[in-house]
Structure formats: structure tokens, C-alpha cells
Amino acid sequence: MDAYGTWGRDVEDASAFLLESGPGRHLTGQVGPEVRDRAPQRLRGILRAHEGDGPLRLRSAAWLVTAARPERRA
């Protein structure tokens, strides 16, 4: 299912969240300081295309996964 999610109060807030959490932190940890230093500016430039009045909202996807534990046999 696709839906729009709020990713930050504005572009700066959203870019900080995306780069400092989970996958963003993992990816920027794999590059040198030169690339890491350019990442926030580049990401903010890309996110500005989605900027409007109020919080930054981007299309998001979510999976709902359910599972059942098999019965244990004695």
C-alpha cells in the first residue's frame, strides 16, 4: 500500500532524519568524508521538489506482515 507520510517539519528536518537514522546512517558510514559532507546539501536539493506549506510529505510504502507460530508437538 502506498500512502503519504510526514518525514519532517521542513526540508532541513527531513534530510537530517533521513541521513541520521537507519539506512541513511548506514550508507553515509560507507563513504569518505568528502561525500558524507556533500550528502545533506544534495538531499535537501532533491527534497525541495516535494516542499510545500507545512511538513514535508513523501509517498511511502508499508508492509503489513503477520505470522503464526506452529503448534509444538510434545
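**Figure 1. Ala 67, an exposed residue of the predicted model.** Ala 67 counts as exposed because its relative accessibility is 79%, and exposed means over 50%. The model shown here is a predicted one. Ala 67 sits in the segment after strand E2 (56-61). Along the chain, Ala 67 and Gly 22 are 45 residues apart, and 24 Å separates their C-alpha atoms.

**Figure 2. Pro 70, in the segment after E2.** Where in the protein does Pro 70 lie? Pro 70 belongs to the segment after E2, which is also the place of Ala 67. The relative accessibility of Pro 70 is 65%, so Pro 70 counts as exposed. Between Pro 70 and Gly 24 there are 36 Å in space, taken from C-alpha to C-alpha, and the two residues are 46 apart in sequence.

**Figure 3. The whole protein, with its helices and strands.** The protein has 3 helices and 2 strands. Their order along the sequence is β-α-α-α-β. The protein is more spread out than a compact globule, because its radius of gyration is 18 Å, well over the 11 Å that the globule rule gives for 74 residues. Taken along the principal axes, the box filled by the C-alpha atoms is roughly 60 × 35 × 15 Å. Buried residues make up 19% of the 74 residues. Of the contacts between residues at least 6 apart in sequence, 72% join residues at least 24 apart.

**Figure 4. The surface and the charges of the protein.** The protein has an accessible surface of about 6500 Å². Carbon and sulfur atoms account for 54% of this surface. The protein carries 12 positive and 10 negative charges.

**Figure 5. Gly 8, a buried residue in strand E1.** Gly 8 is part of strand E1. Its relative accessible area is 9%, so Gly 8 is buried, given that buried means under 20%. With neighbours within four places in sequence left aside, Gly 8 is in contact with Asp 13, Ala 14, Pro 55 and Leu 56. One of these residues, Leu 56, is 48 residues from Gly 8 in sequence. In space, the C-alpha atoms of Gly 8 and Leu 56 are 5.5 Å apart.

**Figure 6. Trp 7 and Phe 17, an aromatic pair.** The count of aromatic pairs comes to 1. The ring centres of Trp 7 and Phe 17 are 6.0 Å apart and the ring planes are at 45°, so the pair is tilted. The pair links distant parts of the chain, with Trp 7 in strand E1 (residues 2-8) and Phe 17 in helix H1, 10 residues apart. Trp 7 has a relative accessible area of 29% and is therefore partly exposed. Phe 17 also counts as partly exposed, because its relative accessibility is 43%.

Figure 7. Is Ser 15 buried or exposed? Ser 15 has a relative accessibility of 2%, so it counts as buried. Ser 15 lies in helix H1 (residues 11-20), the helix that also holds Phe 17. Apart from neighbours within four places in sequence, Ser 15 is in contact with Leu 43, Arg 44 and Leu 47.

Conventions
Residues numbered from 1 in each chain as written. Predicted model: local features only at pLDDT ≥ 70, side-chain atom pairs only at ≥ 80, totals over all residues. Heavy atoms only, no water. Helix = DSSP H or I, 4+ residues; strand = E, 2+ residues; numbered from the N terminus. Rg over C-alpha atoms; globule rule 2.2 N^0.38 Å. Buried < 20%, exposed > 50% of the residue type's maximum accessible area, 1.4 Å probe, protein only. Contact = heavy atoms within 4.5 Å. Areas by Shrake-Rupley, 256 points an atom, 1.4 Å probe, with all protein chains shown as cover. Lys, Arg positive; Asp, Glu negative; His and termini not counted. Charge placed at Lys NZ, Arg CZ, Asp CG, Glu CD. Phe/Tyr/Trp six-rings, centres within 6.5 Å; stacked < 30°, edge-to-face > 60°.
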